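Let's take a walk through this one together, piece by piece. Have a look at the sequence and the 3D view first, then read on.

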Amino acid sequence: MKINLKIWRQAGPNATGKLVTYRLDDVSPDMSFLEMLDVLNEQLIAKGEEPVEFDSDCREGICGMCGLVINGEPHGPRVTTTCQLHMRSFKDCDTITIEPLRADPFPVLRDLVVDRSPLDRIIAAGGFISVSTGAAPEAHATPVPKKNADRAFDTAACIGCGACVAACPNAAAMLFIGAKVTHLGELPQGQPERAARIVKMLNQHDAEGFGGCTNVGACADACPKSIPFDVISQLNKDLRTSLVRGL
Amino acid sequence: MVDVIDGLYREGTPIKDTKAPGGPIDKRWETRKFEAKLVNPANRRKLSVIVVGTGLAGGAACATLGEAGYNVKAFCYQDSPRRAHSIAAQGGINAAKNYKEDGDSVFRLFYDTVKGGDYRARESNVYRLAEVSASIIDQCVAQGVPFAREYSGLLDNRSFGGVQVSRTFYARGQTGQQLLIGAYQALQRQVAAGTVQMNSRHEMLELIVVDGRARGIVTRDMVTGEIETHLADAVVLATGGYANLFFLSTNAMGCNATATWRAHRKGAYFGNPCFTQIHPTCIPVSGDHQSKLTLMSESLRNDGRIWVPKDPADREKDPRTIPEQDRDYYLERIYPSFGNLVPRDIASRAAKYQCDAGKGVGPGGRGVYLDFADAIARFGRKTVEERYGNLFDMYQQITGDNPYETPMRIYPAVHYTMGGLWVDYDLQSTIPGLFVAGEANFSDHGANRLGASALMQGLADGYFVLPNTIRDYLAAGPFPEVPDSAPAVVEAREAVQQRIDHFLSTKGTRSVDSFHRELGQILWEYCGMERTEAGLTKAVEQIRALRADYWKNVRVLGGNEQVNQSLEKAGRVADFMELAELMCIDALHRRESCGGHFRAESQTEDGEALRDDEAFAYAAAWEFSGPDAPPVLHKEELVYEFVEMKQRSYK
Ligand SMILES: Cc1cc2nc3c(=O)[nH]c(=O)nc-3n(C[C@H](O)[C@H](O)[C@H](O)COP(=O)(O)OP(=O)(O)OC[C@H]3O[C@@H](n4cnc5c(N)ncnc54)[C@H](O)[C@@H]3O)c2cc1C
Ligand code: SF4
Ligand code: FES
């Protein structure tokens, strides 16, 4: 396949960036999207041009490190991560535009690499259960109904990639937070801190400069792990409980 | 000076683990915990610990040390501690809970692990691992790890990797992810509490040793390029395995040996570098562009049947048109009692032999079929979908083939490294104050690791072992403050700077990746599934030549003060080159087959691995003596007091 690429190049956090056009003549449909970029980079290096910087690590769709906006869509046209997208999803002679996961709280560091550390700080604010090592009771002491355990798992599957934020016109991270409060809120172990957790996480969310949710739903469409949109309703419901309790 | 053996290495004095107490095996850990000195809670804040790596081992250690009140500085190369490669583990984690009442016990888990490791691991360590395994599950459940449950609400278990009891806990096919998120959240809680200072996108490039003690590290900020010095009372490396040496492996793109190799160069012995594990069920290479290999869970072998065409002429045919009598279900034929469920190393080697005989299928003839047609006929498509749906989807995503309709193609890939820095029972390396946890050490799996045991080891080390043993060392601290101007600090920083300057100024003709790929090919050919005297000798020569060329001819563009992934990779590949040579020397010197290490010269009449306990019942701990000087071998004799050494048989 022949592929035309328009890739965002930006030398550093404070530099102005622009889209630069490249062309690849020998793309195999079996290549992953990132392998296609590897091939481009090898060609650039051979020509003495600096390669395109982009993040990836596991390349199995689980670590959340990758994340590119492909033709305007975070992670591209399919419900999967960028690293699990393959070139057979494109056609010969397609032009593909590749940009970083853009959002105000995620500044570009170079080319397609962004800073997503605000998501870590939101977790630090309250996305955990406070149990120190050694303080845990016997695992079978508290049974968890399978239904709750399954829903906890479904929402715990979030990989922290930030695609939801990039997809949202308001740059809200509500799907991300909703996933975490639902995961922990479904479990008996998560109850004692449930009401306070959500308030702390939302305060941090706002402090980081993420926007508010206006129920657009673009986040859930972009999510590679199919985190359901209704975690945001759960979040709102829990928040009301917290507010009633004056937290 | 002692003689150089085989032209490659010297032998030094034997080495011993002096920390494990003697006596009954089930009392040793308790005794050690009691004997290890305590640190007064009021003093902990004044004691600082550097932890490099935030995977299961490092993340758990940071959280636990932070909770205890120590002053922790943590480092990882990804943009967040949540992305360590532990996240990719699929299958599960073992623990001797005996929830199924099927005869499991701490002793049985210990026994299985020693036997699975082909009698090349230390009994004391393995017993402790089995002993703390149950507490891991308690801890993770309390943190909110959503393990699979039964309708009763109780935890579900499955049997894994050919063991006869059900002791594996799992969270669908994403156990590593869920365990890591648990550890990560505990770590973030300590970040908020101010006990842990997290440094993401920081790569450790050198260890600082002052007056014989590990006192700090030199890192590069991967965004700004700044070279930083970090000093502390002790250093923990939890930096994962080195399977990426092979270029193509199931490890993440950034997995590296730099932290452990730099420590090795500063005096930490490297244990059993040739013990690597090759996983039989990975998606085969599809072309030259391939950047990594994807594991397909081992559970597929429970219902899938592995075969190749009997006649090499049929390799290109549509497999569905090949009649039953023209197929060779070779595992079922050779190993009638275990069939498709033989251990990983045996299944891997058998696939290689079929492909070497010209019967391999798919691109390059490196693949065998894993066929679900019988399973679908027997249980119906729906059941197969319930069991393996997500794996089938992933396979289709990557290959474009639909495994419900046509057999999958699989081939072995490098997956895990049992070798790592040598540590004693306290997880302390041969450099005082340098501790090593998780896959980065060599401690618990001998020559072969059982499925679902690496997650167990990582969390055992991080939550329960290291925090208890490191205090014995820290009790003598705080150690005298090290000024930035100390010669050891200056020297370490300069070494890092020089290496970076070298890469950026070489302006050679070949990219880092092209060298890495070539290194991987040499290793895969000569130090992979089957190793021979001649092949390994050739590999050592080829690696040396490649390394010499690398330093002269590598091309790294851009500068240091920016995100520069070529520069990051350049340092890692330089270290891989040196480790690769040691790995081949270790493989050469161990003239026996054991676990994942198969020496063609050492096999039984019917082609099975043949151990030589007379000559090789020891762990090989290698000392660095210069980049071009022969390494020195220190043998740690392995004594089996509680498990009898037997030859494996799966026929
Ligand atoms: C695909 C796959 C599936 C697996 N499935 C299973 C399974 O089902 N069950 C099981 O028990 N085991 C499994 N394993 C093995 C297991 O996942 C690993 O052995 C284990 O998770 C390693 O944990 P760790 O904490 O030692 O290292 P890792 O999780 O690899 O963490 C390494 C850490 O070190 C950091 N680091 C590395 N180098 C540097 C440096 N130079 N500077 C700074 N930081 C650095 C990284 O950023 C990271 O934080 C699997 C492995 C793979 C690859
Ligand atoms: S909710 Fe989905 S899109 Fe958002 S961070 Fe999690 S996995 Fe990524
Ligand atoms: S690289 Fe890990 S999810 Fe894509």
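## Inside chain A

Between domain 1 of chain A and domain 2 of chain A, the count of salt bridges is 0 (a salt bridge being a side-chain nitrogen of Lys or Arg within 4 Å of a carboxyl oxygen of Asp or Glu). Those two domains cover residues 3-110 and 117-244, with bounds that come from an automatic or database domain assignment. Before going on, keep in mind that this is a predicted model: local features need pLDDT of at least 70, side-chain atom pairs count only at pLDDT 80 or more, and totals for chains, interfaces and linings use all residues. Residues are numbered from 1 along each chain as its sequence is written, chains are lettered from A and ligands numbered from 1 in the order in which they are written, and side-chain values use heavy atoms, with hydrogens and water left out.

So what do the two domains share? The C-alpha centres of domain 1 and domain 2 of chain A sit 29 Å apart. In contact (heavy atoms within 4.5 Å) are 15 residues of domain 1 and 19 residues of domain 2. About 1200 Å² is buried between them, and carbon and sulfur atoms give 71% of that; buried area here is the accessible area (1.4 Å probe) that two parts lose on being put together, summed over both. On the domain 1 side, P74(A), P105(A) and F106(A) lose the most area to domain 2, together 40% of what that side buries.

## Where chains A and B meet

How many residues does each chain bring to the contact? Chain B brings 73 and chain A brings 75. The area buried between the two chains is about 6200 Å², with 51% of it from carbon and sulfur atoms. R83(B), H289(B) and Q397(B) supply 11% of the area that chain B buries against chain A, more than any other three residues.

There are 5 salt bridges between chain B and chain A. One to look for joins the side chains of D79(B) and R116(A), at 3.0 Å from N to O.

## Ligand 1

Ligand 1 lies between chains A and B.

A backbone N or O atom of L455(B) is 2.8 Å from an oxygen atom of ligand 1, and one of A57(B) is 3.0 Å from an oxygen atom of the ligand.

## Inside chain B

Chain B is assigned domain 1 (22-278 + 416-474), domain 2 (280-414) and domain 3 (487-616). The C-alpha centres of domain 2 and domain 3 of chain B are 30 Å apart. About 880 Å² is buried between these two, 53% of it given by carbon and sulfur atoms. In domain 2, R349(B), K352(B) and Y353(B) lose the most area to domain 3, together 47% of what that side buries.

Between domain 2 and domain 3 of chain B there are 0 salt bridges, while 4 residue pairs are in polar contact, both at pLDDT 80 or more.

Technical notes. A residue is near a molecule or strand if one of its heavy atoms lies within 4 Å of it. A polar contact is a pair of N or O atoms within 3.5 Å; within protein, one must be able to donate a hydrogen and the other to accept it, and residues adjacent in sequence count only if both atoms are side-chain atoms.
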